[in-house]
Amino acid sequence: MKFLIPIILLSFLVTSCDYFKPPKEPKAIARVGKSYLYESDILNLVPKGSSKEDSLAIVKSFIDRWATKKLLFEAAEKNIGKDQIEVFNDLIEQYKVDLYTKDYLENLVIRQIDTLVTDVQIEDYYVKNKQYFKNSTELVKLRYINLVKENPKFAKIKSKFSSFTKKDKKELEQMAVQFKSYAFNDSIWVDINQVYEKIPFITIDNKNQYILSGKNFQYPDSTTVWLVKVNHVLPKDSSTPLEFLKPTIKQIIINNRKLELINTLEKEITNDAIKDKKYEIYK
């Protein structure tokens with residue numbers, strides 16, 4: 001036991017020596033005037049798997065950009081007039097205020113906003129503002145299949161695509177692995193630009209040849225065949241259908257609620273400050 005106490009004390013002294021050592025200074029890798037760039041500033045700069053040469057180039061480029069910005073800033077500080085510096089400081093302070101208050105209000109809004117928008121509310125908004133909703137391009141309802149020419153079931157597929165009963169649609173969906181591409185939801189409006197993307201042989205120059213209400217056609221290219229049925233076309237500048245606008249109107253309603261809530265919160269904060277005598281106007 002008499003040997004135990006000295007051992008404990010020695011252990012404590014060793015630990016204490018480490019404890020009272022001053023923390024290591026971060027290792028600097030570059031300096032501009034009184035500003036330093038440290039190793040910690042470039043920890044995750046180089047992507048994993050980069051070669052030694054690429055890593056050195058990335059780090060060197062980063063350090064050069066850092067130094068250039070620092071040198072330009074120091075030169076600007078010395079050469080910009082006092083009046084301009086005051087203007088910049090006011091702008092910086094205003095930006096800080098705007099940044100803080102925007103973040104604070106957004107967090108309050110997130111906790112309090114009602115994001116539930118019913119179909120009735122969407123329809124009501126649409127009816128009241130219908131005159132403002134006009135198509136910027138044509139809207140189309142269609143379906144299509146693109147498959148290889150040699151498909152042994154081509155005749156069957158074409159027949160079911162044309163009749164397109166519920167049973168036919170289900171069977172075509174089960175066969176979809178054979179198709180290069182397809183779209184069967186022909187009750188939804190799509191923008192004509194999406195048609196150009198999905199069906200590349202249809203272009204802005206030849207669309208009037210193919211995009212016609214009720215048109216059902218077959219188009220062969222070098223290796224495949226396209227089956228296309230256009231159900232309906234809505235011309236440019238006509239009233240945009242409600243079903244096409246639903247997601248947009250929902251977001252508009254939520255955004256309007258946000259603005260109303262922000263106005264309410266700002267008034268409440270101001271009124272509370274007046275009540276608590278934190279804010280007063282001297283007459």
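Colleague: Let's start with T165: why does it count as partly exposed?
Modeller: Keep in mind that this is a predicted model. T165 has a relative accessible area of 40%, and partly exposed covers what lies between under 20% for buried and over 50% for exposed, so T165 goes in that middle class.

Colleague: And where does T165 lie?
Modeller: T165 is in the loop between α5 (154-163) and α6 (166-174).

Colleague: What separates the C-alpha atoms of T165 and V233?
Modeller: 21 Å lies between those two C-alpha atoms, and the residues are 68 apart along the chain.

Colleague: OK, new topic. How many residues does helix α3 have, and how far does it reach?
Modeller: Helix α3 covers residues 82-112, which makes 31 residues. From first C-alpha to last, α3 reaches 45 Å, close to the 45 Å expected at 1.5 Å a residue.

Colleague: Which residues in α3 are buried?
Modeller: L105, L108 and V109 are buried there.

Colleague: What do the buried residues of α3 pack against?
Modeller: They pack against α9, residues 242-275.

Colleague: Now pockets. What volume does the largest pocket have?
Modeller: About 210 Å³. Its lining includes L142, Y144, F184 and K198.

Colleague: Which elements give two or more residues to that lining?
Modeller: β3 (139-148) and α7 (192-198) do. The largest share, three residues, comes from α7.

Colleague: And how does the lining split by class?
Modeller: Eight nonpolar, two polar and one charged.

Technical notes: Residues are numbered from 1 along each chain as its sequence is written. This is a predicted model: local features need pLDDT of at least 70, side-chain atom pairs count only at pLDDT 80 or more; totals for chains, interfaces and linings use all residues. Side-chain values use heavy atoms; hydrogens and water are left out. Helices (H or I, at least four residues) and strands (E, at least two) are DSSP runs, numbered from the N terminus. The expected span of a helix is 1.5 Å times one less than its number of residues. Buried means under 20% relative accessible area, exposed over 50%, partly exposed in between (1.4 Å probe, protein chains only). Contact means heavy atoms within 4.5 Å. On a 1 Å grid over the protein atoms alone, a cavity is a set of points where a 1.4 Å probe fits but cannot get out, and a pocket is an open set with protein on both sides within 12 Å along at least five of seven lines; lining residues have an atom within 4 Å of a point. Grid points are joined across faces, edges and corners, and a volume is the space filled by probe spheres set on the points. Ala, Val, Leu, Ile, Met, Phe, Trp, Tyr, Cys and Pro count as nonpolar, Asp, Glu, Lys and Arg as charged, and the others, Gly among them, as polar.
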